[in-house]
Number of protein chains: 2
Amino acid sequence: MFRDRIRYAPLLDKITEAHEAASHIKDGTNLFISGFAAGYPKEVPKELARRAANGEEFKINIFAGASTGEELDGLLAKAGIVGMRRPYMGDRAMRKMINEGKIRFKDDHLSQLSQMVRAGDCGTVDMALVEAAAITEDGNIIPTLSVGNTPSYVQKADKIIIEMSGEDPPTMEGIHDIYVPEDPPYRMPIPIYRTSDRVGKPFIDLDPNRVVGVVFSKSSESYHHFSEPGEVPKSIAHRILDFVRHEIKKGRLPKGLPWQGGVGDVANAVLSQFADDDFFDEMDLYSEVLPDSVLDLIDRGKMRCASGSAVTFSKQARERFFERIDNYKRHMILRPVEISNNPEIIRRLGVMAINTALEVDIYGQVNSTHTLGSHLMNGIGGSGDFERNSALSFMVTPSTAKNGLISAVVPMVSHVDHSEHSVDIIVTENGLVDTRNLTPRQAAEAIIKNCAHPDYQDALWDYFHRAVTERGGHEPHILEEAFSFHTRFLEKGDMHL
Amino acid sequence: MFRDRIRYAPLLDKITEAHEAASHIKDGTNLFISGFAAGYPKEVPKELARRAANGEEFKINIFAGASTGEELDGLLAKAGIVGMRRPYMGDRAMRKMINEGKIRFKDDHLSQLSQMVRAGDCGTVDMALVEAAAITEDGNIIPTLSVGNTPSYVQKADKIIIEMSGEDPPTMEGIHDIYVPEDPPYRMPIPIYRTSDRVGKPFIDLDPNRVVGVVFSKSSESYHHFSEPGEVPKSIAHRILDFVRHEIKKGRLPKGLPWQGGVGDVANAVLSQFADDDFFDEMDLYSEVLPDSVLDLIDRGKMRCASGSAVTFSKQARERFFERIDNYKRHMILRPVEISNNPEIIRRLGVMAINTALEVDIYGQVNSTHTLGSHLMNGIGGSGDFERNSALSFMVTPSTAKNGLISAVVPMVSHVDHSEHSVDIIVTENGLVDTRNLTPRQAAEAIIKNCAHPDYQDALWDYFHRAVTERGGHEPHILEEAFSFHTRFLEKGDMHL
């Protein structure tokens, strides 16, 4: 079965065992892997962890597409062999070590890393380690359920190891659209004019001479788990749909702009709500990751095209996807993240972006990455690519976290990833505020009143009113009290007064 | 002389006095003006101020391209008739009233306002008031020394007043390139592939039927003043040129990427240094404003093309420009700010962006807009458009301000406009730090050591080391001390311990 997937004979000679292939990875190797939620290698990482367990001392630097599963980021972090990691990650063990300063983590905007790697800005591209569903007759790679930065990693790597997936069938050939733009100053427009445009090849160009090993993979990867949307995500979703419907009816927003939804339950909930909404009938998704709800929308005939760089499927969705892949392929495109998140395309198509905040402040500044100012959650991912260049940018968050002990609306966010200039609309389960025509002071009044949880409104009003009278200014702040919510939480585990 | 400039006969009938034209502007009028550093109307504003001085009570909302001179923003602010103002401004009197909450100011990214206005997101477009150098035979507008948002304002306005400039000669016809993109979801690629590409018309389309008055202007506008570059801007400029030269020699940066320089002395100083540098021989500038030094570079045969939305010329440069305009026109293009600052083009061309920070923090977050967290300086302008989407983004600042009483490198900036994810390189007169491969902790060490002023390094090291040991995390902060530099300044007028 595995050998059938390698339709280019010379690569059959490169078939080897994981430990053989892994022997090319040494202390100091810059390792560029496939993987963006899905589609990451699993056998060679196991081998690297085994070597570490056997006492070999070495560190590698990992460049991925975005997050991978526990079988890669978690395993290698725990093995103590990750020197540096970039960009976005989502593994608990790795997060802990990053926050302890034991793993060096650099949080790149996802759209930019491929170009930096091609330019040589990230050091030598020693090794690419990528998962494949098949090798074409001409020796090129059919990736699995993500594209990420793989095309550029494979283009630039000195050596390449391919892990043939035993899990994902080669029938997925044709879902990918691989376009690697020329680099400045010779770049021409990226010829995507509509979400559904295909502009590249269905495979990743590969130089077979640089392949040092082809490994058969018997492992399966972590599946995503989506909670059934609760009342809070549902309420947020309804507020967004109501708002957009209203803007369209008022003639301020054309019908048919594509959507983007960040990672997580809220984004999935928003998409789910479309399924039962008659107003939104022909949807496009120009996004980064495609969750379970995409399949529902395709089945109901509501999704014209879902374009992204990867899927984040649950086990059930994955099975369903492969059962009817010929159908889904007609409505789905997986692109390099450099293209799925490209500012040129996002601005051109007029994407409506929905991303999740950890906390927002009364003036609309957004923290997506660091709790209490210091501790990394996952990373900025593509939220900066989309929020900054979209036609309409939503930032969503439940109004509280930790059973109400944390207010997601604070006087000043403890870390800023997205400035008020780039964030258009703030949504919690309590309300939605369109800041586009509001000054910071007006935004503060609206956000406290409509978005903050009632438990915290008095404290926020008190801060805001005193900031206005005691300090004044365009965006009044009392700097010595700006983080009082956070320091209270640090002291007593509760942001309440 | 004035009448010769109106080459479309029907508009001769619309010639009127300023007070007549101004009578169309009433309480609550949304007034959309030309003007981006240069090219703003002057006669009708005088008339509005006169009416206010005579006791008429009214407020107008002003939408510009960016800053205008004292004859507009200053005059109308002092007259007390500005209800709202957007985007970027730079007038002292207006700034004071914004910070007092007396003028509502909304700080838009410059690239986005035109599209929002066309979509109807900013309310009714009651009146456009625009300066013209000439009216073409077909009744279209030749603008003066800026384009800004004027094409979209004129396209959408219910009524239009034209001020014929008495200052700028109609010989400037041909320097402008007016391209208004179709709006999403029907936008196609903006066909600019090289800085020097012209893709539009040399005039702004005008519907003469909506013109309610043509006024002759006898006023001249505020000229810019550039200081002879001092040691600090020169040192910053040299560090940038050395760095870029080094990257080019290492093969990590192609030669010939276009530059962008923000407003102010440092940006002008950087451009000045090119004139005496043999390595940078054929320059392109894909920028927002074009300062005096552009003329030197053209004269020396070093500037292939300088593209922007406006000029910021001193009186001398302005005279020199008009004396040899046929020569300069061959190397200069003035575009709508939606195009000069467009993320699609900035990313495609691979612009190297240099913008000025008010303060940076040890982790590379940047404050461009608010002093001590609360008080607006000028606004974000185009810095967000360029920093976020450039191939290489520099943030520059002298290491201290106010004779050393303020450190421009602080533990945490008191307001964030540009996050560490978007800022590549920090430069002060003391040194340059390339953060692209540094974790936040590594960036902190490098920025304290290389960029901070020696006077403040001990206090910064102390904060950083304690943050690491006491709080830890990916980006360690002690929230209750994060603004200690600022609160010390508030208390005793000095950030020194």
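Predicted model: local features only at pLDDT ≥ 70, side-chain atom pairs only at ≥ 80, totals over all residues.

**Entry 1: the interface.** I started with the contact between the chains, which takes 84 residues from chain A and 85 residues from chain B. I then looked up the area buried between chain A and chain B and got about 6800 Å². Carbon and sulfur atoms give 51% of that area. Which three residues supply more than any other three of the area that chain A buries against chain B? They turned out to be Arg347(A), His421(A) and His474(A), and they supply 11% of it.

**Entry 2: symmetry.** Next I superposed chain A on chain B. A rotation of 180° does it, with 0.0 Å of shift along the axis and an RMSD of 0.0 Å. The two copies are therefore related as by a two-fold rotation axis. I went looking for what sits by that axis in chain A: the nearest C-alpha belongs to Glu344(A), 1.9 Å from the axis.

**Entry 3: helices 16 and 17 of chain A.** On to helix packing, where I want an angle and a distance, since two packed helices are described by the angle between their axes and the distance between the axes. Helix 16 of chain A covers residues 440-450 and helix 17 of chain A covers residues 454-471. They pack at an angle of about 165°, with their axes 10 Å apart. Angles over 145 degrees count as roughly antiparallel, so helix 16 of chain A is roughly antiparallel to helix 17 of chain A. The crossing is left-handed.

I listed who touches whom. Helix 16 of chain A brings Arg441(A), Ala444(A), Glu445(A), Ile448(A) and Lys449(A). Helix 17 of chain A answers with Gln457(A), Leu460(A), Trp461(A), Phe464(A) and Val468(A). By type, the residues of this contact divide into 6 nonpolar, 1 polar and 3 charged.

**Entry 4: helices 3 and 4 of chain A.** Parallel or antiparallel, I wondered, for helix 3 and helix 4 of chain A? The axes of helix 3 (residues 43-53) and helix 4 (residues 70-78) of chain A cross at roughly 15° and come within 9 Å. The two are therefore roughly parallel to each other. Their crossing is left-handed.

From helix 3 of chain A I noted Pro45(A), Lys46(A), Leu48(A) and Ala49(A), which meet Glu71(A), Leu72(A), Leu75(A) and Leu76(A) in helix 4 of chain A. This contact divides into 6 nonpolar, no polar and 2 charged residues.

Terms used:
Residues numbered from 1 in each chain as written. Chains lettered and ligands numbered in written order. Heavy atoms only, no water. Least-squares fit on C-alpha atoms with pLDDT ≥ 70 in both. Axes fitted to C-alpha atoms, helices over the stretch in contact; angles between N-to-C directions. Helix = DSSP H or I, 4+ residues; strand = E, 2+ residues; numbered from the N terminus. Parallel < 35°, antiparallel > 145°, perpendicular 65-115°, else oblique. Left-handed = near helix turned anticlockwise from the far one by under 90°. Contact = heavy atoms within 4.5 Å. Nonpolar A, V, L, I, M, F, W, Y, C, P; charged D, E, K, R; others polar. Buried area = accessible area lost by both parts, 1.4 Å probe.
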